[in-house]
Amino acid sequence: MIMQTKLHPALIAIASLIFLILIAPLFIILGAAVSDTPFLTFPPQGFTLKWFSNIFQIEAFRTTAITSLQIAFLGTFLALLIGIPAAYALNRFKIRLPSWLSNVFVLPILVPEIVLGFSLMKNITIGLQLPVYTTLLLGHTLLVLPYAVRVVGASLASFDFSIEEAAISLGCPPLKTFLTVVLPNISAGVVAAFILAFITSINDVSISLFLTGPGVSTLPIQILAHMEQFFDPTIASVSVLLMLLTVGVMAIVEATLGLTFLTK
Amino acid sequence: MVKRLSPWLLAGPATFLVLIFLIFPVGSTLLATLTDAKGWLAPYTAFFNSSLRRTVLMRTIEISLITTVISVVLGFIAAYVVAHMPGRLKSIMIIAAVFPLLTGVVVRSFAWLILLGKNGILNSALLSLGLIAEPFSMLYTKGAVIAAMVYLFVPLMILTLAGVLEGIPKDVVEAASSLGATPFAVFRQVILPLAMPGLIIGAVLVFTGSFTSYATPQLLGGERQMMMGTFLYQRAMVTFDWTGASTVAAIMVVVTIAIVVLMTRLARRMNPMAA
């Protein structure tokens with residue numbers, strides 16, 4: 001409280017302006033989405049919701065939205081399915097696993113996404129003849145794996161493994177111990193990993209860019225393709241729907257972890 | 001036996017995924033650039049002998065550096081204010097940073113397409129103020145790409161630095177000012193050194209993010225402001241020059257890893273609290 005009086009008014013003014021500029025463009029999209037003009041404009045001229053109904057008339061938006069949701073849910077689920085055991089092993093058996101192993105799970109962050117996307121196309125879909133959809137799913141699983149390993153790992157780092165040992169020594173089988181003793185204690189980490197992974201996957205461009213084929217594409221890629229041909233408010237209305245998804249995700253974050261979680 | 005293997009059984013599937021779907025394909029891409037029909041490292045000679053390619057690389061470095069500097073300055077100011085705001089205002093500011101961060105790159109770049117386009121808000125504003133006679137397109141310029149990239153990365157910088165600045169013990173700052181340090185001296189000699197490691201990490205995220213970006217340069221820069229990401233895509237999917245695309249990919253990997261490794265080492269050494 002003492003500190004806040006020391007903030008220079010000019011500093012507060014600049015910061016307020018920064019935050020205003022961060023939010024304003026998103027409202028501009030909202031305005032452009034309801035404009036009754038065949039081209040994108042702001043401020044909106046007239047008011048219409050026809051661009052929203054237009055989204056549902058364009059088959060490509062429907063199919064790619066379904067693909068995006070499928071890939072995001074399945075990829076996140078797979079990443080958690082293999083990432084949680086890995087995070088557990090890295091924390092529980094620290095001495096029995098080589099120290100470089102935790103660095104392996106940093107690689108998906110370190111390697112540029114676009115390089116990963118290109119390499120997956122070149123060496124997996126074309127090289128190993130794997131179907132595009134499978135590669136896309138595994139590419140996304142890989143992309144979000146670091147969240148599963150590292151965010152859940154951070155929860156496990158503060159978990160007291162003696163509770164687990166107590167359960168086991170009292171005769172509880174290992175898997176049941178994990179599900180009923182360990183998992184409830186790291187649930188915040190699992191929820192955080194799920195949310196971050198899901199939003200990363202659904203917004204991804206750079207990996208999906210190369211992993212599209214006949215009948216397979218994701219919503220962000222479809223938006224990019226549509227924008228290159230048309231400059232009508234349909235894209236603005238799709239963007240509004242995606243922003244509603246963000247609002248939903250933020251509400252979940254706030255309800256489960258609190259938004260300050262994201263500054264850590 | 002099972003007990004001895006269990007760590008590997010648990011970590012195995014995830015390790016396997018990274019091995020088969022990251023290390024193998026990316027490794028093959030990198031290996032393919034080491035040699036071609038014209039000899040050892042010839043793809044790199046070809047890359048650096050082409051003035052177009054050198055221009056793309058230099059432009060990417062330039063745009064990424066400018067983006068990083070602006071994002072660091074704006075992010076620092078905003079984060080400093082966030083760190084010192086009372087509860088309610090702070091939450092509003094954090095929401096204002098998190099919301100764009102969680103919104104996709106395509107949507108956020110698209111917002112700048114509306115802002116800077118011919119029918120855009122900036123043009124309408126300039127027209128109604130009488131500053132210009134005719135609307136002109138501000139798209140496909142370096143400035144457009146930088147503006148959208150800064151917009152993309154400032155939230156990330158704010159959230160990274162807000163955590164760091166909040167972690168600076170208040171007594172350290174109070175001790176300095178009660179001993180007679182001017183506000184500028186406090187900033188220069190106490191806050192900045194303590195925030196430096198976080199600042200470097202944030203700057204690395206922004207630089208590597210800009211250096212390897214695709215959607216923003218594609219939408220706001222187009223062909224005229226080709227960057228490494230858009231160039232890689234063009235080589236691979238338009239001209240089918242896979243050796244050329246792989247070379248671009250390899251340069252991206254080398255630059256990214258070199259910067260991350262060097263800067264995190266620097267950040268660790270500069271941490272005055274760790275010494």
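Is Glu62(B) buried, partly exposed or exposed? Glu62(B) is partly exposed, at a relative accessible area of 34% (buried means under 20% relative accessible area, exposed over 50%, partly exposed in between, with a 1.4 Å probe and protein chains only).

## About the model

This is a predicted model, in which local features need pLDDT of at least 70 and side-chain atom pairs count only at pLDDT 80 or more, while totals for chains, interfaces and linings use all residues. Residues are numbered from 1 along each chain as its sequence is written, chains are lettered from A and ligands numbered from 1 in the order in which they are written, and side-chain values use heavy atoms, with hydrogens and water left out.

## Chain A at a glance

Let's start with the overall build. Chain A has 13 helices and 0 strands (helices, H or I of at least four residues, and strands, E of at least two, are DSSP runs numbered from the N terminus). The C-alpha trace of chain A spans about 70 × 65 × 30 Å along its principal axes. Of the 264 residues in chain A, 54% are buried. Among contacts in chain A with a separation of 6 or more, 71% come from residues 24 or more positions apart (contact means heavy atoms within 4.5 Å).

The accessible surface of chain A is about 11,800 Å², and carbon and sulfur atoms own 71% of that surface (areas come from the Shrake-Rupley method with a 1.4 Å probe; for residues, only the protein chains shown count as cover).

## Where the two chains meet

Chain A and chain B bury about 7,500 Å² between them, with 84% given by carbon and sulfur atoms (buried area is the accessible area, 1.4 Å probe, that two parts lose on being put together, summed over both). On the side of chain A that touches chain B, helix α2 (residues 9-33) gives the most, with 14 residues. The contact involves 83 residues from chain A and 82 residues from chain B.

Across this interface there are 0 salt bridges (a salt bridge is a side-chain nitrogen of Lys or Arg within 4 Å of a carboxyl oxygen of Asp or Glu). The chains do share 7 residue pairs in polar contact, both residues at pLDDT 80 or more (a polar contact is a pair of N or O atoms within 3.5 Å; within protein, one must be able to donate a hydrogen and the other to accept it, and residues adjacent in sequence count only if both atoms are side-chain atoms).

## A covered helix and its surroundings

Helix α12 (residues 219-229) of chain A is mostly covered, with 8 of its 11 residues buried. Pro220(A) and His226(A) are among those buried residues. Their cover includes α4 (59-92), α11 and α13 (234-256) of chain A, together with α5 (105-116) and α10 (215-221) of chain B.

Asn203(A) belongs to helix α11 (residues 187-203) of chain A and is buried, at 18% relative accessibility. Beyond its neighbours within four places in sequence, Asn203(A) contacts Pro220(A), Leu102(B), Thr103(B) and Gly104(B).

## Salt bridges

Over all chains, the count comes to 7 salt bridges. Arg62(A) pairs with Glu59(A), the closest N and O atoms being 3.2 Å apart. Arg62(A) and Glu59(A) are separated by about one helical turn, because they sit 3 residues apart in helix α4 of chain A. An α-helix has 3.6 residues a turn, so residues three or four places apart point the same way.

Lys142(B) forms a salt bridge with Glu62(B), the closest N and O atoms being 3.0 Å apart. Lys142(B) lies in helix α7 of chain B and Glu62(B) in helix α3 (residues 51-83), so the pair ties together parts 80 residues apart in sequence. Lys142(B) is partly exposed, at 31% relative accessibility. In chain A, shared partners join the salt bridges of Arg92(A), Glu164(A) and Glu165(A) into one network.

## Two loop residues to look at

Gln129(A) is not a glycine, yet has a positive phi of about 60 degrees. Gln129(A) sits in the loop between α7 (113-126) and α8 (132-157) of chain A and is exposed, at 64% relative accessibility.

Tyr140(B), also not a glycine, has a positive phi of about 60 degrees. Its place is the loop between α6 (121-128) and α7 (142-166) of chain B, where Tyr140(B) is partly exposed, at 34% relative accessibility.
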